[in-house]
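Here are my notes on the two-chain model you sent. They are set out as numbered points, to be read beside the structure.

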Amino acid sequence: MRVAERTRPDGGKAAAVTAGTSLPSTTQAGGRRRRSVNREGLEAGKRSTRTLLWILLAAAMVLYGFPFLYLLFTSFKTPIDTIAVPPTILPKEWTLENYANALGRNGVLASFINSAQTAVISTVLSLVLAVPAAYGITRYKTPSGRVFIMAALVTRMVPPVAIGIPLATMMASVGLADTPIALSIAHTTISLPLSIWLMSSFFEAVPRDLEEAATVDGCSRLGALWRVVIPVVSGGIAVTAIFAFLASWNEFLFALLMTAIRSQTTPVVIANFQTQFGLDWGSMTALAAVYSIPVILLTLLLQRKIVAGMTLGAVKG
Amino acid sequence: MRISDRRFALFLMTPAALFLAVFVAYPLFRLVADSFFKISPIAGGPRDFVGLENYFRAFASEAFMGAGWRTLAYTAVVVTLEFALGLGMALLFTTLGRKSQVWRTVFMYPLMIAPIVAGLLWKFLMIDNFGLIGTVLHQAGILSNPNQIGWLSDPDIVLFSVAIPDIWLTTSFMCLVLFAGLQNIPGDLIEAARLDGARAPALLFRIILPLLRPVIAVALVVRGIDAARAFDTILIQTNGGPQSASETMSLLIYRTMIRFGDPGLASAMGTIYLLAMLGVAFFAVATIWRPGKDN
């Protein structure tokens with residue numbers, strides 16, 4: 001029954017992530033047939049054309065990848081070389097001084113813990129709320145469900161700056177000012193609509209017979225959801241979790257409005273380097289690198305699932 | 001059976017609905033309510049009902065109207081460039097086929113980077129004196145001096161410069177979505193057109209783009225709404241300056257609230273901004289998305 005691992009290399013449609021070998025799905029078969037024809041259809045045929053295209057791709061990749069490499073190189077320069085005129089691309093002398101400076105600063109390590117704590121709480125909260133809601137919406141297709149998913153999508157359009165201050169006031173009035181809990185709740189307002197949307201697409205791909213069989217076997221509806229449906233969409237839940245985690249890990253505006261000393265996350269600390277300590281570019285680049293690399297590596301590890309998650313809503317349309 | 005199914009569905013949705021009601025709808029209600037008051041920024045200070053005065057002040061203020069136009073211009077630039085670049089890359093990956101898969105993954109990496117880090121990084125590349133871009137253009141003989149273009153200090157171009165990190169961050173998203181859409185175009189259509197002697201431009205404009213239309217629409221709407229809310233990248237690059245030349249709506253509201261200590265006016269601005277965004281959102285959801293519909 002565990003079929004969620006079978007993602008397609010080209011990260012295409014929603015069905016690809018959750019629907020498995022044993023599940024009858026006509027669209028999937030159709031998609032595969034079209035896809036293989038398509039390869040011949042749009043792929044460049046002539047050798048000279050292909051060589052030219054590869055050169056074009058190489059150029060694009062260098063241009064696109066360079067900025068982050070430059071950030072990395074800069075983080076290994078000596079603090080003085082960091083702002084040398086004219087700048088050099090590679091460090092004249094490789095050193096970890098910037099890293100030592102950045103990580104040794106008061107509050108930096110604590111901010112990493114805060115970021116991780118906030119992101120984990122927000123991810124769990126998002127999933128606990130979104131999974132049943134999305135299931136209720138897609139499985140029963142009631143009018144209230146339709147209204148609800150529309151409303152959830154509309155909340156995604158709300159500019160954070162519009163609700164940040166009232167939200168901060170609310171948290172303060174219940175004694176949660178400057179805590180990871182308050183910030184993770186704020187972050188969940190961003191990730192919950194997205195999670196409901198993603199999970200709905202994943203549940204859509206699960207055939208109804210599955211839990212009908214389970215209920216006939218004496219499972220309650222809740223039991224069928226927990227024991228039969230959730231294991232089938234575990235791949236989808238993983239994708240949703242990654243998105244919720246990233247949304248919180250990288251968020252800045254709520255963090256700026258709602259945290260002070262105790263619960264400050266790293267993006268706020270990075271931004272504060274600019275004013276508090278003058279323009280310490282070396283430490284800023286080092287801290288930015290340390291903060292970004294874990295999530296970039298995570299992406300490379302789980303890339304197929306993430307690509308599928310990112311594209312599914314749009315392509316399914 | 002029918003009714004109890006409904007109840008069960010409602011039961012599943014209630015926690016999420018309550019959460020959104022308490023933490024999104026209620027703060028929004030507070031925002032709208034505050035917009036009718038003149039509020040002292042000091043906690044516990046006076047709070048006087050002033051009716052629509054904050055709205056009149058918003059529309060009469062040059063800063064607000066300016067920020068509105070800048071937000072539109074910023075969004076248009078970001079979305080247009082992202083679309084052109086993303087489509088180019090998606091076509092490139094499609095024409096190169098399976099062998100380019102590894103590079104497609106690598107191309108995705110900026111999506112994982114915090115906007116605040118991206119803004120910082122590009123500020124570092126474009127900054128006067130030790131910015132790499134000016135230096136490289138100077139060494140290539142394009143600029144007569146490395147500081148000839150004040151990317152982030154010239155009010156005429158700063159709005160476009162601050163858009164660069166945003167474009168860099170999310171062109172990958174555009175490319176991924178369009179790439180997935182391209183995979184669903186029936187190959188026999190392309191074959192048939194080729195046999196009829198269609199060349200690449202005709203293929204692109206007559207067949208590929210029309211077939212991609214729904215995917216393009218969703219991608220543009222999603223990114224358009226995000227770009228219209230841009231805050232982090234601009235704040236860290238210029239803080240809205242110089243001379244408010246890069247101050248978009250999010251920044252203006254933030255500054256009105258925090259720096260100028262005028263929560264009433266900021267709430268009125270926020271309400272107008274929100275209504276404009278919701279207008280777009282409703283239009284988009286109703287015409288394009290229709291999630292959860294019966295197929």
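**Notes on the model**

1. Over residues 106-125 of chain B the chain is 65% helix and 0% strand, and the end C-alpha atoms are 21 Å apart. Helices here are DSSP runs of H or I with at least four residues, strands are runs of E with at least two, and both are numbered from the N terminus. Residues 157-182 of chain B are 92% helix and 0% strand, with their end C-alpha atoms 35 Å apart. UniProt positions follow the numbering used here, feature names are shortened, and annotations may be inferred rather than shown by experiment.

2. This is a predicted model, in which local features need pLDDT of at least 70, side-chain atom pairs count only at pLDDT 80 or more, and totals for chains, interfaces and linings use all residues. Residues are numbered from 1 along each chain as its sequence is written, while chains are lettered from A and ligands numbered from 1 in the order in which they are written. The model scores ipTM 0.86 and pTM 0.84. Chain B has a mean pLDDT of 86, and 94% of its residues reach 70 or more; pLDDT is the predictor's confidence in each residue, from 0 to 100. Where pLDDT is low, the predicted coordinates should not be read in detail.

3. Chain A has 16 helices and 0 strands. Of its 317 residues, 50% are buried, a residue being buried if 20 or more other C-beta atoms lie within 10 Å of its own, exposed if 12 or fewer, and partly exposed in between, with C-beta atoms placed from the backbone. Among contacts in chain A between residues at least 6 apart in sequence, 74% join residues at least 24 apart. Two residues are in contact if their C-beta atoms, placed from the backbone, lie within 7 Å.

4. For chain A, the "transmembrane region" entries in UniProt (unreviewed entry) are residues 52-73, 116-135, 147-169, 181-203, 224-249 and 281-302. Residues 116-135 of chain A are 100% helix and 0% strand, and their end C-alpha atoms are 28 Å apart. Residues 181-203 of chain A are likewise 100% helix and 0% strand, with 29 Å between the end C-alpha atoms.

5. Chain B contains 13 helices and 2 strands. Buried residues make up 48% of its 295 residues. Of the contacts in chain B with a separation of 6 or more, 70% are between residues 24 or more positions apart. The C-alpha trace of chain B spans about 75 × 75 × 30 Å along its principal axes.

6. At the interface, 92 residues of chain A are in contact with 89 residues of chain B. On the chain A side, the largest share, 12 residues, comes from helix α3 (residues 47-75). That side divides into 64 nonpolar, 19 polar and 9 charged residues. Here Ala, Val, Leu, Ile, Met, Phe, Trp, Tyr, Cys and Pro count as nonpolar, Asp, Glu, Lys and Arg as charged, and the others, Gly among them, as polar.

7. How do α3(A) and α5(B) cross, and at what angle? Their axes come within 10 Å and cross at roughly 85°, which makes α3(A) roughly perpendicular to α5(B). Axes are lines fitted to C-alpha atoms, for helices over the stretch in contact, and angles run from 0 to 180 degrees between N-to-C directions. Angles under 35 degrees count as roughly parallel, over 145 as roughly antiparallel, 65 to 115 as roughly perpendicular and the rest as oblique. P67(A), Y70(A) and L71(A) in α3(A) meet L121(B), W122(B) and L125(B) in α5(B). By class, this contact has 6 nonpolar, no polar and no charged residues.

8. Helix α6 of chain B (residues 132-139) has L132(B), I133(B), G134(B) and T135(B) as its buried residues. The buried residues of α6(B) pack against α3 of chain A together with α5 (115-126) of chain B. Just after α6(B), G141(B) takes a positive phi of about 85°.

9. P132(A) lies in helix α6 (residues 108-140) of chain A. P132(A) counts as buried because it has 22 C-beta neighbours inside 10 Å. Leaving out residues up to four places away in sequence, P132(A) touches L12(B) and P15(B).
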